[in-house]
Amino acid sequence: MKKSGMKALSCCSIVAAALMLQSWMAGDQTMTKENGVTVINTTTLGKDVQGYLGTTPLKIYIEKNKVVKIEALKNQETPKYFLKVKKALLEKWNGMKVKDAQKLKVDAVTGATYSSNAVIDNVKLGLDYYQNHKK
């Protein structure tokens, strides 16, 4: 192999190793612990779940197999309408056992259907992930 080819191969190897290290150091942030509470972040899980203007990631806090609270993370939804969704939906699952919360049928908020459905889908994804990965 020529000197220039070896140089290119060497550079590619260094870049690949750096990317792998960065990925490993970042770790999977889907399920973490905060003060003994399991937190499910749906940013990655719900990357394909679209609201009206984009994704609607959430953090779902679970303690002793019960939903403690659900927080909306930064999103591109229209603030006026998403506020309605937050007020009407995010507390629906609070205090419920995860298995019961998974089965809960929740209606979308009138006038904010896309955003509501995206939040509902993200909650389902997050709770399913918790059930399949809890220790």
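**Getting to know this fold**

User: Which residues does Thr30 touch, not counting residues up to four places away in sequence?
Analyst: Contact here means heavy atoms within 4.5 Å. Leaving out residues up to four places away in sequence, the list for Thr30 is Val39, Ile40, Asn41, Thr44, Leu45 and Tyr129.

User: What kind of model is this?
Analyst: Residues are numbered from 1 along each chain as its sequence is written, and side-chain values use heavy atoms, with hydrogens and water left out. Local features need pLDDT of at least 70, side-chain atom pairs count only at pLDDT 80 or more, and totals for chains, interfaces and linings use all residues, since the model is predicted.

User: Is Thr30 buried or exposed?
Analyst: Thr30 is found in the loop between helix 1 (3-26) and strand 1 (31-34). The cut-offs, with a 1.4 Å probe and protein chains only, are under 20% relative accessible area for buried, over 50% for exposed, and partly exposed in between. Thr30 has 4% relative accessibility, so it counts as buried.

User: In what order do the elements of the protein chain run from the N terminus on?
Analyst: Helices (H or I, at least four residues) and strands (E, at least two) are DSSP runs, numbered from the N terminus. The protein chain has 5 helices and 4 strands. Their order is α-β-β-α-β-β-α-α-α.

User: How are helix 3 and helix 5 oriented to each other?
Analyst: Axes are lines fitted to C-alpha atoms, for helices over the stretch in contact, and angles run from 0 to 180 degrees between N-to-C directions. Helix 3 (residues 79-89) and helix 5 (residues 113-133) pack at about 45°, with axes 9 Å apart. Under 35 degrees counts as roughly parallel, over 145 as roughly antiparallel, 65 to 115 as roughly perpendicular and the rest as oblique. Helix 3 and helix 5 are therefore oblique.

User: Which residues of helix 5 make the contact with helix 3?
Analyst: From helix 3, the contact takes in Phe82, Val85 and Leu89. Helix 5 contributes Ser115, Ser116, Val119 and Ile120.

User: How far apart in sequence are the parts that the aromatic pair ties together?
Analyst: Rings of Phe, Tyr and Trp (its six-membered ring) pair if their centres lie within 6.5 Å; planes under 30 degrees apart count as stacked, over 60 as edge-to-face and the rest as tilted. Tyr52 and Tyr114 form a tilted pair, 5.9 Å centre to centre with 40° between the planes. Tyr52 sits in the loop between helix 2 (42-45) and strand 3 (58-63) and Tyr114 in helix 5, so the separation is 62 residues.
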